[in-house]
Amino acid sequence: MSDVIAELAADTSVEGDAKPASPVQSTKQFSVYEATSQELIERSMAPIKKEFLCPPPPSRSVKQNDAADVRAPQSGLVQEKKSKRQLKRERREQSTINLCPQVARTEDVNSCQYKDKCRFNHDIEAFKAQKPDDIEGQCPFVASEMKCAYGLSCRFLGTHRDIAGNSDEKGKSEMNYFNKETQRLLWKNKMTFINADAKLKSLGLLGHAKKSNAAEENSTEKTQNGVNGTQPTEVTVDSAVSSEPTSEMIQDVDIPGPLEIEEVRPMKKAKPEDEENSKPGDVGGVNDGVKVEEEAKKNGFSTSKADVEDEDSIKIVETDSSLKLHPREKKKLIDFRDKLYLAPLTTVGNLPFRRLCKVLGADVTCGEMAMCTNLLQGQASEWALLRRHSSEDLFGVQICGSYPDTVSRTVELIDRECTVDFIDINMGCPIDMVVNKSAGSALLNKPLRMKNIVEVSSSIVETPITIKVRTAFFEGKNRIDSLIADIGNWGATAVTIHGRSRQQRYSKSADWDYIYQCTKNASTNLQVIGNGDVYSYLDWNKHKSDCPELSSCMIARGALIKPWIFTEIKEQRHWDITSGERLNIMKDFVRFGLQHWGSDTKGVETTRHFLLEWLSYTFRYIPVGLLDVIPQQINWRPPSYFGRDDLETLMMSESAGDWVRISEMLLGKVPEGFTFAPKHKSNAYDRAENG
């Protein structure tokens, strides 16, 4: 019955009243209340102990009448998700007063440097009159012996006390903040990428040379996949999305200047030319490797042919010195062997959740996937995904892009601006929006482009480059085994293989036999990490014993459902965790969230949102003490059951209303008119439109 297994978030209903868990529909020939544990497992159903099973549901007519009576009050919790524009408009229409952060911090209306021009309100008394009641508990900053930076706007104001020091402790514990000067250069399209562009040109990936290289990519792809197999992912992006500089733009320059491709054109308008030309040395000293003299010559302040020749020779010397390091001779070494690796997780894999996993035993953490084009456009929300906490001692970021120029420039920029231990390039994302841009798993159909991306990126920085792939694009057409021997020679330090194809999404079980095969074929200088369905310490042990060459296993959905899986693996036990212990873990997440997003009203609601997103996964956990057979498998679907106490029953409910009630236990009452719908609703079954 493995072909009926859906993605973790699939079939998650957020409608209806709070219930322990929805019953699996039984046929006339089968009943979950009479079946043996083995029969349930064969049907991918969890073997819950009989004493915890809910009574059989009433007749259909009675059930419908009850649902009609009970579901009406919950309708406000499950309304259709509103767009960001709608939510922003509603926030503006609200009459709440947004107190100036500086005034809130100092409690002095004269402390704001903008005075009357400030876009925030300075009326302290009016703010206090409309401020919601304080939340029960202690301010997360004060609890950590830090001075709260939110002052009057903090929702825990009553617990504040005098603490020596300043309110910049958060800045000391978090790093990789987005530099405003860097953002300005990206917006004005004045950022230069000396190493990346030099390497791209040497490989013929700029101008006319790139066009011939693209033709070679397409011919290679057709030869290996066949025309029919590649058409669904062949989107005409080469000309529309990532148009390159013309030959006239680069024929007289050894190293191209600021970024010129349309794909990463900034959203904001650049300043007039006369304003920019009035400060020819404006970029000098900020953009690494660009001198004031070079900027002046580029703007026409020196037209001497000898000067131009000297400038070119200087650039060539700088380029040679920066590229002389062989990709496999990295100064920064990283060893993944036997380390517990938390996968980069969209939405839920935020900084507070990663901090929580570090407390519970994770060794390696990685930020959420960031799109290269958004980073090169200077989008602050995308750069926030690269933020790192000081407790993350082995931390990497994951990026996703379509072309060697976009990815390599992003790699150079991250290496320059951020503190990371490795940079992971995503080549396995199955999402349609990503695949349609020839990124993610679409790259599996373009091995030559994969090679160019890895080769250029790994040769321009000393930070180790890793990649994450799936077995193939189409099911039954595995191809990583034919590439694995070369990936190490491209310059990658490690490769993570998710044991499913893009077409599978999360349906069916991960193919670990194929991961073992690829691991044994890999070169000795390449670390291979397996990924897929690791949900207990027994799974970890089995994969490590079946294939000793495997460096480690990446844990993704298993950490979403039970982040204490890292503790289980390190202590080699099945943790029969109680509802009280789970609540304490949620309290830690809330504390980390308030320290990261803020303890004011906005920060509280942001923390609540991400807590609810996490609860939409973790309700799938079945306590060890309720199972007839352990450990729980990630593809088991439970019948209707209840827990050992009311809190445990509440935590296993699939109703969004119950998730909101849990959040109210930790963050107080939700605002009036509050709605929530999980982002990952999902359907992971094999569909034609998904390739």
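**View 1. Trp564 and Tyr621 form an edge-to-face ring pair.** Trp564 is buried in this predicted model. Its relative accessible area is 2%. Tyr621 is buried as well, with a relative accessible area of 2%. The two ring centres lie 5.1 Å apart. The ring planes stand at 90°, so the pair counts as edge-to-face. Trp564 sits in the loop between α26 (557–561) and α27 (565–571). Tyr621 sits in the loop between α29 and α30 (646–651). The pair therefore ties together parts that are 57 residues apart in sequence.

**View 2. Phe336 and Tyr341 stack their rings.** A search of the whole structure finds 14 aromatic pairs. In the pair of Phe336 and Tyr341, the ring centres are 5.6 Å apart. The planes meet at 10°, so this pair is stacked. Phe336 is buried, at 1% relative accessible area. Tyr341 counts as buried too, at 2% relative accessibility. Ring pairs link Phe336, Tyr341 and Phe422 into a cluster.

**View 3. Helices α29 and α31 cross at roughly 140°.** Helix α29 spans residues 601–618, and helix α31 spans residues 656–667. Their axes come within 10 Å. The two helices are therefore oblique to each other. The crossing of α29 and α31 is right-handed. From α29, the contact uses Val604, Thr607, Arg608, Leu611, Leu612, Leu615 and Ser616. From α31, Trp659, Val660, Ile662, Ser663, Glu664, Leu666 and Leu667 take part. By class, the contact of α29 with α31 holds nine nonpolar, three polar and two charged residues.

**View 4. Helices α9 and α20 pack at an angle of about 150°.** Helix α9 covers residues 194–202, and helix α20 covers residues 404–417. Their axes are 8 Å apart. The angle makes α9 roughly antiparallel to α20, because angles over 145 degrees fall in that class. The crossing of α9 and α20 is right-handed. On the α9 side, the contact residues are Ile194, Asn195, Ala196, Asp197 and Leu200. They meet Pro404, Asp405, Ser408, Arg409 and Glu412 in α20. The contact of α9 with α20 divides into four nonpolar, two polar and four charged residues.

**View 5. Asn489 and Asn525 lie 8.3 Å apart in space, C-alpha to C-alpha.** In sequence, Asn489 and Asn525 are 36 residues apart. Asn489 belongs to helix α23 (residues 480–490). Asn489 counts as partly exposed, at 42% relative accessibility.

**View 6. A cis peptide bond joins Ile630 and Pro631.** Omega for this bond is about 0°. Pro631 is found in the loop between α29 and α30. Tyr621 of View 1 lies in the loop between α29 and α30 as well.

**View 7. Glu107 has a positive phi.** The value for Glu107 is about 60°, although this residue is not a glycine. Glu107 is found in the loop between α4 (101–106) and α5 (124–130). At 51% relative accessibility, Glu107 counts as exposed.

**View 8. Glu145 has a positive phi of about 60°.** Glu145 is not a glycine either. Glu145 lies in the loop between α6 (140–143) and α7 (169–173).

Terms used:
Residues numbered from 1 in each chain as written. Predicted model: local features only at pLDDT ≥ 70, side-chain atom pairs only at ≥ 80, totals over all residues. Heavy atoms only, no water. Axes fitted to C-alpha atoms, helices over the stretch in contact; angles between N-to-C directions. Helix = DSSP H or I, 4+ residues; strand = E, 2+ residues; numbered from the N terminus. Parallel < 35°, antiparallel > 145°, perpendicular 65-115°, else oblique. Left-handed = near helix turned anticlockwise from the far one by under 90°. Contact = heavy atoms within 4.5 Å. Nonpolar A, V, L, I, M, F, W, Y, C, P; charged D, E, K, R; others polar. Phe/Tyr/Trp six-rings, centres within 6.5 Å; stacked < 30°, edge-to-face > 60°. Buried < 20%, exposed > 50% of the residue type's maximum accessible area, 1.4 Å probe, protein only.
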